[in-house]
Amino acid sequence: MSETIVVGVDGSESASRAIDWVARHAAGRGARVGAVHAIEDPVYAVPPMAAVTLGPLPEEVRAEVRAQLEQQWCKALVDAGVPFQ
């Protein structure tokens, strides 16, 4: 059975250290990596006592974040040859 390691990524220094650690350890274990980034939908207060969201982000924004995740934030995984999604 293949092992999966899940790691949160957001471009921060802490996340970068976590990705570096995962890249070193996943390669030796033959593990796959699930790189996760969450985007919080903005919520706007509307008086009295209601809230409105704008709905999901447009696909082009999601694609930009996905590209940044794959090309920058997870570069250590690419360099180590570790498969991730």
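**Salt bridges, strands and core**

Author: The structure holds 5 salt bridges, a salt bridge being a side-chain nitrogen of Lys or Arg within 4 Å of a carboxyl oxygen of Asp or Glu. Side chains of opposite charge can pair when their charged atoms come close. This is a predicted model, in which local features need pLDDT of at least 70 and side-chain atom pairs count only at pLDDT 80 or more, while totals for chains, interfaces and linings use all residues. Residues are numbered from 1 along each chain as its sequence is written, and side-chain values use heavy atoms, with hydrogens and water left out.

Reader: Which residue forms a salt bridge with Arg 29, and how far apart are the closest N and O atoms?

Author: The partner of Arg 29 is Glu 3, with 2.8 Å between the closest N and O atoms. The pair links distant parts of the chain, since Arg 29 belongs to helix α1 and Glu 3 to the segment before β1, 26 residues apart; helices (H or I, at least four residues) and strands (E, at least two) are DSSP runs, numbered from the N terminus. For accessibility, buried means under 20% relative accessible area, exposed over 50%, and partly exposed in between (1.4 Å probe, protein chains only). Arg 29 is exposed because its relative accessible area is 54%, whereas Glu 3, at 30%, is partly exposed.

Reader: Where do Arg 17 and Glu 13 lie, and how many residues apart are they?

Author: Both lie in helix α1, 4 residues apart, which is about one turn of the helix, and their side chains meet in a salt bridge of 3.7 Å, N to O. Glu 13 is exposed, with a relative accessible area of 54%, while Arg 17 counts as partly exposed at 49%.

Reader: Which residues are linked with Glu 59 in a network of salt bridges?

Author: The network links Glu 59 with Arg 62 and Arg 66. The side chains of Glu 59 and Arg 62 meet at 3.7 Å, N to O, and because these two residues are 3 apart in helix α2, about one helical turn separates them. Glu 59 is partly exposed, with a relative accessible area of 47%, and so is Arg 62, at 41%.

Reader: How many residues does the largest nonpolar core have, and which element gives the most to it?

Author: A nonpolar core is a set of buried Ala, Val, Leu, Ile, Met, Phe, Trp, Tyr and Cys residues joined through side-chain atoms within 4.5 Å. The largest has 15 residues, and those with the most contacts inside it are Val 9, Val 22, Ala 26, Val 33, Cys 74 and Leu 77. The elements giving two or more residues to this core are β1, α1, β2 and α2 (59–73), and α1 gives the most, with 4 residues.
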